Amino acid sequence: MMILAATWDAERLGPASRELLGAAARLGAALGADVALASLGGAGAAEEAGGYGATQAFVIEGDHAASGNESALAALAELAGELEARVVLLPADERTAEVAPRLAERLGGAAVMHATGIDVTDGRPIWTKPVFGGKALAAVAASEPVVATLRRGAFEAAEATGGTTAVSTRTAPAADGAVELVGTDAPAAGNKLEDAKVIVAGGAGIGNGDGFAELDELARLLGGAVGASLAAVDAGWVPPDRQVGLTGKVVSPDVYFALGISGASQHLAGIGGAKAVVAVNTDPDAPIFARARLGVVMDCRAFVAAMLDRLRNAQ
Amino acid sequence: MLGLGMHAVVLLKQILDWELPPSRFRIDSETRRPPDGLGPTLLGPFEQNALELALQLRDAGVVDRLTALVVGPADSADSLRKALAVRADEAVHVEVGSAEALDPSQTAELLLAAIRRLDGAELVLAGRQAGDWDHGQVGYLVAERLGWTAVGLVWHAERSDGRILVQRTGSGADERLAVRLPAVLTVTSHPSLQLRMGSVMDRMAANKKPITRWTPDELGLAPEQIAAARRIELTKVWVPEVERACELIEGEDAAAVATRLLGRLEELKLLTRPA
C-alpha cells in the first residue's frame, strides 16, 4: 500500500512538492503506508525525493505538454494502479484542477480538491476543504483511492532526511490524439505569485488599468509581485493569471497588500497562507479588515501614490 | 460540416448568492448546509461563463442548437429561465428534492442519463466548479463516463477542421489546444465571458417557453442506484472563526501613513526595506 505524490517540477523539488511529501509522510505514518514520488517534470526532482522521505521514486518521461494533460493522466493512472496507491497527492493548481477528478475516476475512487488539512479517524483519512467560496470548511470522507489536491501553504514541508532512493524511469503511454497542444502563450511578465514574499494586490478600488501600472512599480520597489481580485480581472485591468483566490492563485507571502479589495470569501480563500495582510480600503467595514494584521482606512490610490513617493526617495 | 452546427449542452446550477457577506453566512450543523432562505439563489458565476461561451459558439455558427440542462430542486428552473432569456433553444430540468445534497458523482450520473437522452449532443460546457460545494469535478466525471474528451479551464473556443480549438488557463501559461469531439469543456471566468443580458422581448418570451422536466426515475435511475453512486461524504461543515486583530495605521496625511506602515512592517520583521 502506497501514498503516491506527483510533481511537475523539473530540476529540483520546489516548495509545493516538499509540502506534498510532508503531508504524504505524515499520512503514510498514520496509515502504515510508504511514500512514492512520481516526477512528470524531470529526473532531478525524482532524485531528490529520497532525501525527503520517499522510499520509491519514478521519473515519467515523455512530452507531456504536447497532449494537454492526456499523457500525464494516463501515466499516473497506470502507476497508481500498479502501486495500488490508496492516496494520490497532487499540488492544487490549474493543471490538477483537471487531472485530479479525471484520475480519481479512472482509478475508481474520488477526488478531494484544494484540501487544507488531513486527519486520520478509524484508519480513514478525513479531508478538510473550503466550501462556499471559502466562507465555510467541510470535513469529507472520500471513496478510495483518493486523489487529493493540496493547497499551497496549508501543509508543513517535509524535512530533509539525508536519505536516498533509486529512481525508476518509465515512459508515458502513447497519447491517442484526443488533445493536441497547438501553442502556448508566453507567461505574462512579472514575478511568480506563488513564490513571492511580498504581493501587492489590487481590486475594484484601483479603478483602472493605469492604477495597476502603479502597482507594478510598487511591487518592483518592494521586490514583490502584483496580484488582483476577480473583480479587477473581470474588469480587464489586469490579466487573469494575476488573480488570487479560490479560483485563481493561492499564495503565501510574508506581506499581502490588499488595495481596494473588499475581501470577498472567494478572494480570502486564496490568501490564507499570508503571514500578514495589510488592508487599505475606504470602507472601514469591509470584510478584508477582519483578515488583516494592519489596516489603513484611505483611498487606495492615494495610499499607493504615497508609498511610491516614500520608496522612490529611499532608493 | 459547412453550415451544419453542433448540438451543445450547457450544464447549469442554481446556487446560494455567492456574494452573501460572510457575516450573514451560516451553516445548519444538523443538515450540514446553509439554512433554506438564507439568501437568494442564482445561476452560478462559472455556469454564467459557460453559458456565455456557448452563446458565442452559436453566434459563430459552430453550435446551432443549444440545450440548457440543470439537475436540482425546484428553484433551479430560474437558471433555465435565465438561459432561455438569452435564447437557449431548449431547457431541461432534472428535478431532485432540495434536501438531497448530491455529491459530484451522483450529479454526474443524473446528467449523463439526461445527456444520453438528448439527441446528438456533441459538446458539453460546464462551469469549472459550482460556487457552493466547490468540488470542481462534475464536468470531468461526465466526460470520463461518456468516454468523451475533457479539457478544463477553457475561456475561448472555435471550430477548426472538425475539432474544437480552445484557449485555456494552464499552469504558468495559457494554452491553445485542438480537441477531438465529442468533448466536455469546463469553463473558467474571463473578461470576455460576462453573460450578456437578454433583450426585454427575449426575457418576456422566456417565461412562456416550455421547460422539459425529467425525474430521475424517468431517466432510469432508481433512488438506490443514485445512493450507490455517492463517493464523497460530508462529515462536518462549519464556519471558521475569524479573529479580528487588525491594527489601524493612522496619520495626518498619506505620506505619514506610508512611513508609519513601512516602519511597522519592519518592526514585525515582515519587510526588510531601507527605512
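**View 1. Helix α4 of chain B is largely enclosed by the rest of the structure, because seven of its nine residues (the helix covers residues 138–146) are buried.** This is a predicted model. The buried residues of α4(B) are Val138(B), Gly139(B), Tyr140(B), Leu141(B), Val142(B), Ala143(B) and Glu144(B). Among the elements that cover them are, from chain B, β1 (6–12), α3 (104–117), β6 (121–127), β7 (149–160) and β10 (183–187). Chain A also takes part in this cover, through its own α4 (94–107). After α4(B) comes Gly147(B), with a positive phi near 75 degrees.

View 2. α1(B) is mostly covered, with twelve of its 15 residues buried. In the part from Pro45(B) through Phe46(B), Glu47(B), Gln48(B), Asn49(B) and Ala50(B), each named residue is buried. Leu51(B), Glu52(B), Leu53(B), Ala54(B), Leu55(B) and Leu57(B) are buried as well. Just after the helix, Gly61(B) takes a positive phi of about 80 degrees.

**View 3. Strand β8 of chain A pairs with strand β12 of chain B across the two chains.**

**View 4. The contact between the chains involves 73 residues of chain A and 73 residues of chain B.** On the side of chain A that touches chain B, 46 residues are nonpolar, ten are polar and 17 are charged. For the model, the ipTM is 0.94 and the pTM is 0.92.

**View 5. Chain B as a whole contains seven helices and 13 strands.** Along the principal axes, its C-alpha atoms fill a box of roughly 70 × 50 × 40 Å. Of the 275 residues in chain B, 47% are buried. Among contacts in chain B with a separation of 6 or more, 70% join residues 24 or more positions apart. The mean pLDDT of chain B is 93, and 96% of its residues reach 70 or more.

Definitions and conventions. Residues are numbered from 1 along each chain as its sequence is written. Chains are lettered from A and ligands numbered from 1 in the order in which they are written. This is a predicted model: local features need pLDDT of at least 70, side-chain atom pairs count only at pLDDT 80 or more; totals for chains, interfaces and linings use all residues. pLDDT is the predictor's confidence in each residue, from 0 to 100. A residue is buried if 20 or more other C-beta atoms lie within 10 Å of its own, exposed if 12 or fewer, and partly exposed in between; C-beta atoms are placed from the backbone. Helices (H or I, at least four residues) and strands (E, at least two) are DSSP runs, numbered from the N terminus. Two residues are in contact if their C-beta atoms, placed from the backbone, lie within 7 Å. Ala, Val, Leu, Ile, Met, Phe, Trp, Tyr, Cys and Pro count as nonpolar, Asp, Glu, Lys and Arg as charged, and the others, Gly among them, as polar. Two strands pair if DSSP finds at least two bridges between them.
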